[in-house]
Amino acid sequence: MISVVIPVYKKVDEFITNLGHNLRYLKGCEVIVVNDHPGESIKERLEKYPVQLIENSTNLGFAGAIDKGIRQAKHNYVFLLNSDVKLQDASFASSLKKFEQNTKIFGIAFAQKEGNGSTVGKNKLLWKNGLLMHSKADDLCEGETGWVEGGSSIIRKDVYEEIGGFDTIFSPFYWEDIELSYRARKYGYVSWFDPDVEVMHRHESTIGSFWSKRAISVISTRNQLLCTWKNIPDTNVLQHMSHVIRHMLGTLLKGDTTFFEGLLKALPFLFSPKFYKIR
């Protein structure tokens with residue numbers, strides 16, 4: 001059995017449209033919707049749908065909203081499904097066999113068809129210049145992937161709880177699923193990619209509606225630094241510091257302050273106990 005967690009932030013019309021489409025493939029699943037926009041209740045709009053609704057009293061961000069849904073899920077296999085994702089069939093259920101075949105799989109990521117027709121979903125993580133970085137994998141064949149994306153993947157709840165769950169320091173978005181999967185790897189688990197399950201997903205369709213490209217870049221920079229600092233023993237600290245200084249000065253000389261702003265937003269976390277809570 002599978003629990004499905006769908007976080008919603010504004011863009012309710014799009015979510016309702018996709019929910020109506022997706023429910024035909026979610027028969028037999030427990031569906032949990034987490035409304036992360038305290039200013040707008042969606043209870044009345046969901047009355048005719050067979051879902052459970054959680055309405056946050058404060059905005060928790062992507063990681064916090066999903067975490068709330070996962071904690072309430074009754075089943076061990078939890079399908080993380082973004083509100084802007086459309087299923088094409090019920091093939092995601094075949095993933096359960098892969099979990100049974102390999103108990104070291106933490107989560108399984110699916111192939112995602114973008115609005116431009118390209119397919120993404122398999123990624124790789126690497127340390128470069130003392131920073132944790134990510135990029136697309138060289139192929140889309142089944143196998144280990146850098147991380148399971150929080151918008152279209154199935155994870156094991158027992159492992160999720162064992163490793164501490166999403167870290168909400170990455171609120172409002174970005175790098176939370178990367179850091180979670182990286183942490184799972186430290187615990188001895190792997191993230192898997194299954195190209196036979198394909199969904200439609202227009203990345204950043206929600207985020208891009210409410211945040212400017214500049215703001216998104218600053219948040220992404222901040223969270224990349226936080227993810228790196230959480231795992232700093234895995235890299236060369238002096239190389240990291242040198243790169244940060246050089247990159248900051250180089251971008252400032254070009255008149256680009258986004259990296260510097262991201263750094264300034266990240267630094268206070270080093271002095272917060274919250275930063276060291278989930279390791």
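What follows is a chat about a predicted model of one protein chain.

Trainee: OK, how many helices and strands does the protein chain have?
Mentor: There are 9 helices and 12 strands. Those are DSSP runs numbered from the N terminus: helices are H or I with at least four residues, strands are E with at least two.

Trainee: And why does the radius of gyration agree with a compact globule?
Mentor: Because a compact globule of 279 residues would come out near 19 Å, and the protein chain has 19 Å. That radius is taken over C-alpha atoms, and the rule is 2.2 Å times the number of residues to the power 0.38. The C-alpha trace spans about 55 × 45 × 40 Å along its principal axes.

Trainee: What share of the residues is buried?
Mentor: 52% of the 279 residues. Buried means under 20% relative accessible area, exposed over 50%, and partly exposed in between, with a 1.4 Å probe and protein chains only.

Trainee: Let's go inside. Which residues have the most contacts in the largest nonpolar core?
Mentor: I2, V4, F15, L26, L46, F79 and F92, in a core of 32 residues. Elements that each supply at least two core residues include β1 (2-8), α1 and β12 (190-201). A nonpolar core here is a set of buried Ala, Val, Leu, Ile, Met, Phe, Trp, Tyr and Cys residues joined through side-chain atoms within 4.5 Å.

Trainee: What does F79 touch?
Mentor: Setting aside neighbours within four places in sequence, its contacts (heavy atoms within 4.5 Å) include I2, V4, L26, F92 and F110. There's also a second, separate core of 24 residues, with I32, A63, I66 and V148 among them.

Trainee: Switching topic: is D13 buried or exposed?
Mentor: D13 counts as exposed because its relative accessibility is 52%. D13 is in helix α1, residues 12-22. Its C-alpha is 9.7 Å from that of R45, 32 residues apart along the chain.

Trainee: And how many residues of α5 are buried?
Mentor: 9 of its 11 residues, so-called "mostly covered" for a helix running over residues 176-186. Among the buried ones are E176, D177, E179 and R183.

Trainee: What comes just after α5?
Mentor: G188, with a positive phi of about 100°.

Key: Residues are numbered from 1 along each chain as its sequence is written. This is a predicted model: local features need pLDDT of at least 70, side-chain atom pairs count only at pLDDT 80 or more; totals for chains, interfaces and linings use all residues. Side-chain values use heavy atoms; hydrogens and water are left out.
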